[in-house]
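This report describes selected local features of one protein chain.

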Amino acid sequence: MTANRDIYIVLTGTGTAFSGIIKWFTKAELNHASIAFDSELREVYSFGRKKVYNPFIAGLIHENFIHPFYNSADCAIYQLRVSEEEYNTMYNHVQGMMQNQERYKYHLLGLVGVLLNIRIDRENAFFCSQFVASVLEETTVHPVAKPSCFVTPEDFASSLCAHKIFSGKLSCYMDRSHSADLRGSSLHNPQTTNPADFAAPRLRLHEERTEGIV
């Protein structure tokens, strides 16, 4: 039997001025995409600001969703079941990039290319949703039928709507995941506790909110 693992596509909207500029072009509420390799969102990667309060220094980042910067952020989280081999391929690919983190830059011109429907390539440069799509392209998991250079967060929302497990405040999801993790630890049997098992029934209790990108 083939073992399966889960990855997560996380869309967020922080309400910052830069996010507002992108929203003006896209008409979407959630304009940042990340890929996560665990349900607690500890292993989350994207292209964005390296210093949370400075949008002008950006590149490949390991995101910390418990930082106060994300306290008021809205989010949508999508769960994708992949094979063990696909999971390892994507995870190892990202870790290889992280080993050369300073080499990678934010591809602002690429966003302009998306708006104009013109492919603009730049070596070792990505915008957030392009990065996520490019990681998926390392496998046969292609939820969006576009080249990665044209993929937007809204494309993920449209293509993965059936895979949504949460919609609401990111801080709410993080609090619930942390609480579930603590409950699992209290059982003193980590082999039988999988936080992802709590996600579906627990998160369905949260009323879906109307989003501009769904």
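## Local features of the predicted model

Asn117 counts as exposed, because its relative accessibility is 59%, above the 50% cut-off for that class. The model in which this value was computed is a predicted one. Asn117 lies in the loop between helix 3 and strand 7, the latter spanning residues 125-126. Although Asn117 is not a glycine, its phi is positive, at about 60 degrees.

The loop between helix 3 and strand 7 also holds Asn124. Asn124 is likewise not a glycine, and its phi is positive at about 60 degrees. With a relative accessibility of 24%, Asn124 counts as partly exposed, because that class lies between the cut-offs of 20% and 50%.

Helix 3 covers residues 108-116, and Leu116 is found in this helix. Leu116 is exposed, with a relative accessible area of 55%. Leu116 also contributes to a nonpolar surface patch of about 460 Å², which is made together with Leu109, Val112, Leu115 and Ile118.

Helix 4, which comprises residues 128-136, is mostly covered, with 9 of its 9 residues buried. Among these buried residues are Cys128, Gln130, Phe131, Val132 and Leu136. Ser134 is another residue found in helix 4. Ser134 has a relative accessible area of 10% and is therefore buried, since the class requires a value under 20%. Ser134 is 15 residues from Cys149 in sequence, and the C-alpha to C-alpha distance between Ser134 and Cys149 is 8.3 Å.

| Residue | Relative accessible area | Class |
|---|---|---|
| Asn117 | 59% | exposed |
| Leu116 | 55% | exposed |
| Asn124 | 24% | partly exposed |
| Ser134 | 10% | buried |

Rolling a probe the size of a water molecule over the atoms shows where empty space is left. The second largest pocket has a volume of about 250 Å³. Its lining consists of 14 residues, and those nearest the centre of the pocket are Glu40, Phe65, Ile66, Met174 and His178. By residue class, the lining of the second largest pocket divides into 4 nonpolar, 6 polar and 4 charged residues.

Key: Residues are numbered from 1 along each chain as its sequence is written. This is a predicted model: local features need pLDDT of at least 70, side-chain atom pairs count only at pLDDT 80 or more; totals for chains, interfaces and linings use all residues. Side-chain values use heavy atoms; hydrogens and water are left out. Patches are made of residues with over 30% relative accessible area and no salt bridge: like charges are joined within 9 Å, nonpolar side chains (Val, Leu, Ile, Met, Phe, Trp, Tyr) within 5 Å. Accessible areas come from the Shrake-Rupley method with a 1.4 Å probe; for residues, only the protein chains shown count as cover. A salt bridge is a side-chain nitrogen of Lys or Arg within 4 Å of a carboxyl oxygen of Asp or Glu. Helices (H or I, at least four residues) and strands (E, at least two) are DSSP runs, numbered from the N terminus. Buried means under 20% relative accessible area, exposed over 50%, partly exposed in between (1.4 Å probe, protein chains only). On a 1 Å grid over the protein atoms alone, a cavity is a set of points where a 1.4 Å probe fits but cannot get out, and a pocket is an open set with protein on both sides within 12 Å along at least five of seven lines; lining residues have an atom within 4 Å of a point. Grid points are joined across faces, edges and corners, and a volume is the space filled by probe spheres set on the points. Ala, Val, Leu, Ile, Met, Phe, Trp, Tyr, Cys and Pro count as nonpolar, Asp, Glu, Lys and Arg as charged, and the others, Gly among them, as polar.
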